[in-house]
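These are notes for a colleague who is new to this structure. They cover helix packing and salt bridges, point by point.

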Amino acid sequence: MTMKSALTVRPLAEQPLDDPDVNRALIGRLVREFYARLRKNERLGPIFARAITGDWEPHLEKMTDFWCSVILKTGDYHGRPVPAHVKLKDVTEADFDIWLDMFGKTAAELFAPETAAVFIDRAERIATSLKLAMFFRIDPPRQTAAG
């Protein structure tokens, strides 16, 4: 393989979940059950209550679109999750562990183990991406006396 061909190789696109039982209705159930639990959580509940005031249904529909796009590759989601999360100044890195634990338990209750594993894997990757966007900062180079 030449250097040029090595640079043009692209990773394979993530494929939609191949499970005929997983559809928008079931993903919507996951979203609603997860957020019902999240809203009762002593740490995350107040954060979300401050961010989402009033009617939760638009947010739940947006999150259903998001997860349908992530899992089924529907292309229904057209939001920008990074800016939405970066503005949440009271969120800590540890909050993502709580979120992932609650999400994983909810997915495990609703889906067969192999399907739940797909949801959990994608949630972990999303959490990693959001944590990098929210908390990772490269320190500027230090100036030396000579420089």
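1. A residue counts as exposed when its relative accessible area is over 50%, as buried when it is under 20%, and as partly exposed in between. Arg50 has a relative accessibility of 52%, so it counts as exposed. Please keep in mind throughout that the model is predicted.

2. Arg50 has a salt-bridge partner, Asp90, and the closest N and O atoms of the two are 2.3 Å apart. This pair joins distant parts of the chain: Arg50 lies in helix 3 (residues 44-51), while Asp90 sits in the loop between helix 5 (81-86) and helix 6, and 40 residues separate them. Asp90 has a relative accessible area of 28%, which means that it is partly exposed.

3. How do helix 2 and helix 6 cross, and at what angle? Helix 2 covers residues 24-40 and helix 6 covers residues 93-110; their axes come within 10 Å and cross at roughly 135 degrees. Helix 2 is therefore oblique to helix 6. The crossing is right-handed.

4. On the helix 2 side, the residues that meet helix 6 are Arg29, Leu30, Glu33, Phe34, Arg37 and Leu38. Their counterparts in helix 6 are Trp99, Met102, Phe103, Lys105, Thr106, Ala107, Glu109 and Leu110. Sorted by class, this contact holds eight nonpolar, one polar and five charged residues.

5. Two of the charged residues named in that contact, Arg37 and Glu109, also pair through their side chains in a salt bridge, at 2.3 Å from N to O. The pair again links distant parts of the chain, with Glu109 in helix 6 and Arg37 in helix 2, 72 residues apart. Are the two partners buried, partly exposed or exposed? Glu109 reaches 53% relative accessibility, so it counts as exposed. Arg37, with a relative accessible area of 29%, is partly exposed.

6. Helix 2 also packs with helix 4 (residues 57-72), at an angle of about 125 degrees and with the axes 9 Å apart. This angle makes helix 2 oblique to helix 4. The crossing of helix 2 and helix 4 is right-handed.

7. Helix 2 contributes Arg24, Ile27, Gly28, Val31, Arg32 and Tyr35 to the contact with helix 4. Helix 4 contributes Glu57, His59, Leu60, Glu61, Met63, Thr64, Asp65, Trp67, Cys68, Ile71 and Leu72. By class, the contact comprises nine nonpolar, three polar and five charged residues.

8. Which residues are linked in a network of salt bridges? The network consists of Arg24, Arg32, Glu57, Glu61, Asp65 and Asp76. Arg24 and Arg32 belong to the helix 2 side of the contact with helix 4, and Glu57, Glu61 and Asp65 to the helix 4 side.

9. A further salt bridge pairs Arg125 with Glu14, whose closest N and O atoms are 2.8 Å apart. Arg125 is in helix 7 (residues 113-135) and Glu14 is in the loop between helix 1 (3-8) and helix 2, so that the pair links distant parts of the chain, 111 residues apart. Arg125 is partly exposed, because its relative accessible area is 46%. Glu14 is partly exposed as well, with a relative accessible area of 32%.

10. As for the overall tally, the model has 14 salt bridges. Among them are Arg125 with Glu14, Glu109 with Arg37 and Asp90 with Arg50.

Key:
Residues are numbered from 1 along each chain as its sequence is written. This is a predicted model: local features need pLDDT of at least 70, side-chain atom pairs count only at pLDDT 80 or more; totals for chains, interfaces and linings use all residues. Side-chain values use heavy atoms; hydrogens and water are left out. Axes are lines fitted to C-alpha atoms, for helices over the stretch in contact, and angles run from 0 to 180 degrees between N-to-C directions. Helices (H or I, at least four residues) and strands (E, at least two) are DSSP runs, numbered from the N terminus. Angles under 35 degrees count as roughly parallel, over 145 as roughly antiparallel, 65 to 115 as roughly perpendicular and the rest as oblique. A crossing is left-handed if the near helix is turned anticlockwise from the far one by less than a right angle, and right-handed if clockwise. Contact means heavy atoms within 4.5 Å. Ala, Val, Leu, Ile, Met, Phe, Trp, Tyr, Cys and Pro count as nonpolar, Asp, Glu, Lys and Arg as charged, and the others, Gly among them, as polar. A salt bridge is a side-chain nitrogen of Lys or Arg within 4 Å of a carboxyl oxygen of Asp or Glu. Buried means under 20% relative accessible area, exposed over 50%, partly exposed in between (1.4 Å probe, protein chains only).
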